[in-house]
Amino acid sequence: MKLKKGIPVIDQGDKFGFWGGKFGGNFVPETLKKPIEDLEIQFNKLKNDKKFIAERDRYFKNWIGTPTRFIKLNNLTKQIGGAQIWSKVVSDANGGAHKIYNATVHCLLAKRSGKKVIIGDTGAGYAGKMLSMAAKKFGLKCKIFMGAKDIKRQQPNVKAMKKNGADVIPVYSGSQTLVDAVSECMRFWVANCDTTAMCVGSTVGPAIFVRICGWSTSQISRELKVQLINEFGEVPKKIKLYNCVGGGSSSFGFWNEFMDYDKKQVEFIGVEAGGPAKSKRHAAPLTYGSKIGILHGAAQYVNQDSDGQIEETESISAGLDYPGISPLHCFLKDTKRARYTAASDEEALKAYQIVTKYENLRPSLEPSHAFSVAIKEAKKFSKNTIVIINSCGDAYKDRGILEKKLGKKYVKSN
Amino acid sequence: MLNPISLAFKKAKNEKRPALLTYTVAGDSSKKQSLEILKAISNYADILEVGVPHNTPVADGGQIQTSSYRAIKNGIKMNDIFKIVKDFKTSKNSKPIILMGYYNMIFQYGENNFLKKCKKSGVNGLIVVDLPWPENKIFSKKCKKNSINFIQLLSPTTSNERLKSITKDSHDMIYYISMLSTTGGKLKVSPNKILANYNKIKKINPNKNCVIGFGITEKTISNFKNTDGLVVGSQICKEITRCLNNRQNPVINVSKMVSKLRKKIS
């Protein structure tokens, strides 16, 4: 299995949508073949259309507020000792997370194809919140499918969705988390694909959704490359890019522009959710060697039993609480372009405490996983190593959990 | 010699009625009971679809999901399902069996192993909901080699070109999904429109047995008397759930329901 240079990774799949011959694909009911094909034709045309790209960039700039900041975490660097620690503050984006890029692009596509309704899944609530914002902006009706358990633990985002006029539909089947929300959303699409557009909230699902999402979030690394050159005069000799990985949309977007660099120069480190330290359950299929299986239309490494039933996951962070992982990340793992590891719930909380103690930055529980590993490893690196963590979400949505786990003082200034 | 599935269609045709196909989930509500239900409804149905429960189904509505979760919760495993089929096949009045499920279960078992086991236990056909054409070409050929019918699905969104290609690659039976819906949806399209699409498919190749599924219930079934076959699934699963909730015997009640369905198309 080989990563090709000079071709965007999203376009490296074969004619059936498989990366590396085995990850991804289109394991969908016959009914969805046509709407997926329509979307493929539309996207393949528009992604090279200058007018469409200009339109996208206009919304990204004026509405999302790109570029997001790239800042040095001076206090943390001093405190840890070792590498320089920087952060790409993607949570600056309108709405507070990277999910806005994919949501905006899907709404632009839906509008062009004349669809009046857009549906989406959500775990932490960010994908849903952003889709509800974008739908409102573009005059589309919006329905968000969300696990009943997640609705309870991510109330601030649920309120935001409702405020934006979206229907939030609780999903009570299975584990009542993201995996069930995605299934329910796909089922709704099966029944309504003639009038309704679907936005999959991460780089998962049938191949076209993986590609659209990866294309959208790549905005993050496009900005970062410019910012690096502005800051250092060039892309520095030793960079480490840390990002949490649930479905894998923010990490893929954070890395994409640097794909062709040697990994000795630009290393990618994906941090999965290891779950509670004492529990056997986790949401880290790459770290713990899960087998390839099919989930939500795509072949990928996924937590499952020997029969092929998808296993329940456990993580403090709803956004990472997913048994599978993007086919793109399976591909990056097997081609050894990226390295994957996991942080436990406790480690993520600890990292959140450290970051908020020294810096004016409040990463949500998802990027706190990435901070945890970055902080641990930065100690061992030389001063000229540039460690960059994608702070892809804001902790405002987590205040209930943080208050319960750490006490009131950690949420006061939110 | 005709294979058992074609034979079942032929028999129904001789009686001037569509074949009746039922769908129940293996292991719902227990291994033993699902076998008893199969045996009981076998008196009235012509072909039995046996659902392989999966916990992340992308095309099943609420009724079948409920049945599937119940079966999984009660510990059903792939090997138990083969055992149920085998036990059923050795009973009297046994009818052709079609396993219906999602590809991951086959993928984890290994395609070749799975087919070997199907043959051994007496499975006659397979419906794999999330393995569409042309992705299913290789697997469908493997099925044919093992004398197992791979049943292609068609839907209202299938283009004319696809209809032709899929029909060409199909075996003895084709499954037409009546409308845009998950299983168990209310029939939201007029029967005439469904029949028009059905006839379009029959015109491509009149020799393929084409069944209609999704939205077929006691109420709607008599609209489709002039077809090759009809599938009732969600209504049966719903009846099992109702019986369990009311502490009634699902075997008796489901069998009554299937007998009624049969009368409506006879």
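I started with the contact, to which chain A gives 32 residues and chain B gives 31 residues. I am working from a predicted model.

I then asked which elements of chain A each supply at least two residues of the side that touches chain B. I found α1 (30–46), α8 (178–192) and β11 (292–295) of chain A. The largest share comes from α8(A), with seven residues. I also sorted this side of chain A by class: 13 residues are nonpolar, 13 are polar and six are charged.

Next I turned to chain B and looked up strand β7, residues 173–177. Is this strand enclosed or open? I took 20 or more other C-beta atoms within 10 Å of a residue's own as the cut-off for buried. Five of the five residues of β7(B) are buried, so the rest of the structure largely encloses the strand.

I checked which way the residues point. B:Met173, B:Tyr175 and B:Ile177 point one way from β7(B). B:Ile174 and B:Tyr176 point the other way. Both sets are buried.

Then I went through the strand's partners. I found three bridges between β7(B) and β6 (residues 152–154) of chain B, paired in the parallel sense. Here B:Gln152 stands opposite B:Ile174. I followed the chain from β6(B) through helix α8 (residues 160–169) of chain B to β7(B), a right-handed β-α-β crossover.

With β8 (residues 209–213) of chain B, β7(B) has five bridges, and the two run parallel. I noted B:Tyr176 opposite B:Ile212 in β8(B). From β7(B) the chain passes through helix α9 (residues 191–204) of chain B to β8(B), and I logged this β-α-β crossover as right-handed.

Methods
Residues are numbered from 1 along each chain as its sequence is written. Chains are lettered from A and ligands numbered from 1 in the order in which they are written. This is a predicted model: local features need pLDDT of at least 70, side-chain atom pairs count only at pLDDT 80 or more; totals for chains, interfaces and linings use all residues. A residue is buried if 20 or more other C-beta atoms lie within 10 Å of its own, exposed if 12 or fewer, and partly exposed in between; C-beta atoms are placed from the backbone. Helices (H or I, at least four residues) and strands (E, at least two) are DSSP runs, numbered from the N terminus. Two strands pair if DSSP finds at least two bridges between them. A crossover is right-handed if, with the strands pointing away from the viewer, the path from the first strand over the helix to the second runs clockwise. Two residues are in contact if their C-beta atoms, placed from the backbone, lie within 7 Å. Ala, Val, Leu, Ile, Met, Phe, Trp, Tyr, Cys and Pro count as nonpolar, Asp, Glu, Lys and Arg as charged, and the others, Gly among them, as polar.
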